[in-house]
Amino acid sequence: RITYRAPAFHGEKVTVETRATRIGRSSFTLEHRLLACVEGETPRLVAVSESILVRYDYATGLPVALPPEHVAAIETMEGHSLRA
């Protein structure tokens, strides 16, 4: 899902800032902020987005639990617990 807030123009540098906001059994949620600017100017918000990623086993056709080490790595990067 994405919500556009302002246009981005040719020649602008677009930066995407991403953070994890929730971790479930087999999925996690990421929030994104897209910022655009010409070099030397203050970046402005052009869009906000959210994506949900699911660990999936194509052989069985089922979601698979996230390994504890992956959960720990994400939570360490964010600096707090994200378990739902």
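Q: In which strand is V54 found?
A: Keep in mind that this is a predicted model. As for V54, look along the β4 run, residues 44-54. So the strand that holds V54 is β4.

Q: Is V54 buried, partly exposed or exposed?
A: The relative accessible area of V54 comes to 48%. Buried needs under 20% and exposed needs over 50%, with partly exposed in between. So V54 counts as partly exposed.

Q: Which elements give two or more residues to the lining of the largest pocket?
A: The pocket itself has a volume of about 170 Å³. Its lining includes I2, T18, H32 and S49. The elements with two or more lining residues are β1 (2-4), β2 (13-23), β3 (27-37) and β4 (44-54).

Q: How many residues of that pocket lining are charged?
A: Among the lining residues are R1, E17, R19, E31, R33 and E50. Asp, Glu, Lys and Arg count as charged. The lining also has 2 nonpolar and 4 polar residues, and the charged ones number 6.

Q: What distance separates the C-alpha atoms of G61 and T21?
A: G61 sits in the loop between β5 (56-57) and β6 (62-63), and G61 is partly exposed at 34% relative accessible area. Along the chain, G61 and T21 are 40 residues apart.

Key
Residues numbered from 1 in each chain as written. Predicted model: local features only at pLDDT ≥ 70, side-chain atom pairs only at ≥ 80, totals over all residues. Heavy atoms only, no water. 1 Å grid on protein atoms, 1.4 Å probe; cavity = no way out; pocket = protein on both sides within 12 Å on 5 of 7 lines; lining within 4 Å. Points joined across faces, edges and corners; volume = space filled by probe spheres on them. Helix = DSSP H or I, 4+ residues; strand = E, 2+ residues; numbered from the N terminus. Buried < 20%, exposed > 50% of the residue type's maximum accessible area, 1.4 Å probe, protein only.
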